[in-house]
Structures are given as structure tokens and as C-alpha cells.
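Thanks for coming, everyone. Let me put the structure up, and then we'll walk through a few places in it.

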Amino acid sequence: MKQEIIANLTNEFKNNQKVLTAIGDETRQAILMTLIQGQQYPGMRVGEIKERTHLSRPAVSHHLRILKDAQIISVRKEGAKNYYRLDVTSKLKLLKNLVDEIEILLSQCE
């Protein structure tokens, strides 16, 4: 039984690796918090995020790319404008499975 729990936990860590790496950075956490507090429709532009986080435009773009690659945020193009927002199908939802597996393992340790 414990081997199965360990195997499930290992699998969940693998499934969440990109998300954990993406949200583990304080700058990306600040960008996520900015997006959470901003308008979800149409989303936020890089300039708006830059103003709220006091980061440079290239830094914001770099971190947005990482969050997008991790499937945490999405981008909507409207002509030449890009709008960023939380992805409603975000891989952040997978973190719940990881936490559930950790809870099962911890309950076995009590």
C-alpha cells in the first residue's frame, strides 16, 4: 500500500514540475497576484503588469512566457495587443492532486 502511495506521489510531482518551478519564483508570484487582482476579461497588457510590479518590460515578458509555458496563464491576441489572464483550465488545478497525495502519505506516517 505504501509503495502505491509513493508511486502516486512521485507521479504527481512529475506532473506538477513545470507549475512548481513557475510559481516558485517570487517575481512570478508577484505577476500572478497582479493578474489575480486585475481584470480577467479582457486581461492585462504587459504595460499594466509592468506598472503594478515595477519590473522592466523585458522582465515581465520573460516571466509571462514561463507562466504561459507552464499553462498557468493564457494570452488572448486582439490585433497587435496581447492580453494575459489566468487560464481557466490552468495546470494550477493539478496541485490539488499533489497536495491530496501528500496528505495521504502524511496520514500513513501518524
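**A walk around α4**

Let's start with H54. H54 is exposed, with a relative accessible area of 70%. Keep in mind that this is a predicted model. Where does H54 sit? It is in the loop between α4 and α5, just after α4. Look at its backbone. H54 has a positive phi of about 60 degrees, although it is not a glycine.

Now step back into the helix itself. α4 covers residues 46-53. Which residues of α4 are buried? They are V46, G47, I49 and T53. These residues span an arc of only 160 degrees around the axis, so they lie on the same side of α4. And what do the buried residues of α4 pack against? Three elements: helix α3, helix α5 and strand β2. For orientation, α5 is 57-69 and β2 is 81-86.

E48 is also in helix α4. E48 and I31 are 17 residues apart in sequence. In space, their C-alpha atoms are 11 Å apart.

Next, the partner helix. Two packed helices are described by the angle between their axes and the distance between the axes. Here are both values for our pair. Helix α3, residues 26-37, packs with α4 at an angle of about 115 degrees. Their axes are 10 Å apart. Angles from 65 to 115 degrees count as roughly perpendicular, so α3 is roughly perpendicular to α4. What is the handedness of the crossing of α3 and α4? It is right-handed.

Who meets whom? From α3 we have A30, I31, T34, L35 and Q37. From α4 we have I49, R52 and T53. By type, the residues of this contact divide into four nonpolar, three polar and one charged. Note I49 and T53. They are in the contact with α3, and they are among the buried residues of α4.

Let's zoom in on T34, in helix α3. How accessible is T34? Its relative accessibility is 9% and the cut-off for buried is under 20%, so T34 counts as buried. What does T34 touch, leaving aside neighbours within four places in sequence? The list is M44, I49, R52 and T53.

Between α3 and α4 there is a loop, and P42 lies in it. A cis peptide bond joins Y41 and P42. Its omega is about 10 degrees.

Back to positive phi for a moment. Q71 is a residue other than glycine, and its phi is positive, near 60 degrees. Where is Q71? In the loop between α5 and β1, with β1 at 73-78. Q71 has a relative accessible area of 41%, so it is partly exposed. H54, by contrast, is exposed at 70%.

One last stop, further along the chain. D100 is in helix α6, residues 94-109. D100 has a relative accessible area of 28%, so it is partly exposed. Compare its position with L20. D100 and L20 are 80 residues apart in sequence. From C-alpha to C-alpha, they are 15 Å apart in space.

Key:
Residues are numbered from 1 along each chain as its sequence is written. This is a predicted model: local features need pLDDT of at least 70, side-chain atom pairs count only at pLDDT 80 or more; totals for chains, interfaces and linings use all residues. Side-chain values use heavy atoms; hydrogens and water are left out. Axes are lines fitted to C-alpha atoms, for helices over the stretch in contact, and angles run from 0 to 180 degrees between N-to-C directions. Helices (H or I, at least four residues) and strands (E, at least two) are DSSP runs, numbered from the N terminus. Angles under 35 degrees count as roughly parallel, over 145 as roughly antiparallel, 65 to 115 as roughly perpendicular and the rest as oblique. A crossing is left-handed if the near helix is turned anticlockwise from the far one by less than a right angle, and right-handed if clockwise. Contact means heavy atoms within 4.5 Å. Ala, Val, Leu, Ile, Met, Phe, Trp, Tyr, Cys and Pro count as nonpolar, Asp, Glu, Lys and Arg as charged, and the others, Gly among them, as polar. Buried means under 20% relative accessible area, exposed over 50%, partly exposed in between (1.4 Å probe, protein chains only). The arc is that of the directions from the helix axis to the C-beta atoms.
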